[in-house]
Amino acid sequence: QVQLVESGGGLVQAGGSLRVSCAASGVNFAITTMGWYRQNPGKQRELVADISSGGVARYADAVKGRFTISRDNAKNTVYLQMNSLKPEDTAVYYCNAFRGTLPRYTYWGQGTQVAVSS
C-alpha cells in the first residue's frame, strides 16, 4: 500500500519561509519522480515543482528563485523549501509520486495547508 504523508504546513507571514516534507512508503522511491502541487478551492491543481529520479528539478514560473525542491532517497522523503512567501502562495500543497514509464503509476498525498498572511 502506497502512502505519501505530508507535513510542515502552517501559517506564516509574507516574506517568511516554510519547509514541507513528504515521506513515501510502498513505492520504489529511487525510480519515482516526486512533485509538489497546490490547489485552492474552485481552481485546478497546479504543479509547483517536481524532481526526477535523477535529481533534475523543474519549477513553475511563479515560484522560481523562491522555492527549492529536494529529495533524500535514503529517507524516501521529498522536501519543498519555500522562501519569500507571498499571500498568493496560500493553498493546499499536495505531494505526488509519478512514474511515466513501466510500471506506470501516480499517487497523491492528503495535502497540507500553507497560509501566507499579508
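Tutor: A disulfide is a covalent bond between the sulfur atoms of two cysteines. Here a pair of cysteine sulfur atoms within 2.5 Å counts as one. Keep in mind that this is a predicted model.

Student: How many disulfides does a search of the whole structure find?

Tutor: The cut-off is 2.5 Å between cysteine sulfur atoms. Cys22 and Cys95 meet it, with their sulfur atoms 2.1 Å apart. For the whole structure, the search gives 1 disulfide.

Student: Which strands hold Cys22 and Cys95, and how far apart in sequence are the parts they tie together?

Tutor: Cys22 sits in strand S3. Cys95 sits in strand S9, residues 91-99. The pair therefore ties together parts separated in sequence by 73 residues.

Student: Is the disulfide of Cys22 and Cys95 left-handed or right-handed?

Tutor: Look at the torsion about the S-S bond. For Cys22 and Cys95 that torsion is about -80°. The disulfide is therefore left-handed.

Student: Is Cys22 buried or exposed? And Cys95?

Tutor: Buried means under 20% relative accessible area. Cys22 has 0% relative accessibility, so Cys22 passes. Cys95 has a relative accessible area of 0%, so Cys95 counts as buried.

Student: How many helices and strands are there in the protein chain?

Tutor: Read along the sequence. The pattern is β-β-β-β-β-β-β-β-β-β-β. The count for the protein chain is 0 helices and 11 strands.

Student: Which residue of S8 is the bridge partner of Ser21?

Tutor: Strand S3 covers residues 18-25, and strand S8 covers residues 77-82. They run antiparallel, joined by 6 bridges. In S8, Ser21 has as its bridge partner Tyr79.

Student: Which residue of S8 is the bridge partner of Ile69?

Tutor: S7 and S8 pair in the antiparallel sense over 6 bridges. Their hairpin has 4 residues between the strands, and Asn76 takes a positive phi near 55° there. The S8 bridge partner of Ile69 is Leu80.

Student: Which residues of S7 make up the uncovered face?

Tutor: In a regular strand the side chains alternate between the two faces of the sheet. In S7 the covered face holds Phe67, Ile69 and Arg71. The uncovered face holds Thr68, Ser70 and Asp72.

Student: Which residues touch the most other members of the largest nonpolar core?

Tutor: This core has 27 residues. Elements giving two or more residues to this core include S3, S4, S5 and S7. The residues touching the most other members are Met34, Trp36, Val78, Leu80, Met82 and Tyr93.

Student: Is Met34 buried or exposed?

Tutor: Met34 lies in strand S4. Beyond four places in sequence, Met34 touches residues including Cys22, Ile69, Val78 and Cys95. With 0% relative accessibility, Met34 is buried.

Student: Where is Val5 found, and is Val5 buried, partly exposed or exposed?

Tutor: Val5 is found in strand S1. Leaving out residues up to four places away, Val5 touches Ser21, Cys22, Ala23 and Gln110. The relative accessibility of Val5 is 44%, so Val5 counts as partly exposed.

Student: What is the separation in space of Val5 and Trp108, C-alpha to C-alpha?

Tutor: In sequence, Val5 and Trp108 are 103 residues apart. In space, their C-alpha atoms are separated by 9.1 Å.

Student: What radius of gyration does the protein chain have?

Tutor: The chain has 118 residues, and a compact globule of that length would have a value near 13 Å. The C-alpha trace spans about 45 × 25 × 25 Å along its principal axes. The radius of gyration agrees with the globule value, at 14 Å.

Notes: Residues numbered from 1 in each chain as written. Predicted model: local features only at pLDDT ≥ 70, side-chain atom pairs only at ≥ 80, totals over all residues. Heavy atoms only, no water. Pairing = 2+ DSSP bridges. Buried < 20%, exposed > 50% of the residue type's maximum accessible area, 1.4 Å probe, protein only. Core = buried A, V, L, I, M, F, W, Y, C linked by side-chain atoms within 4.5 Å. Rg over C-alpha atoms; globule rule 2.2 N^0.38 Å. Contact = heavy atoms within 4.5 Å.
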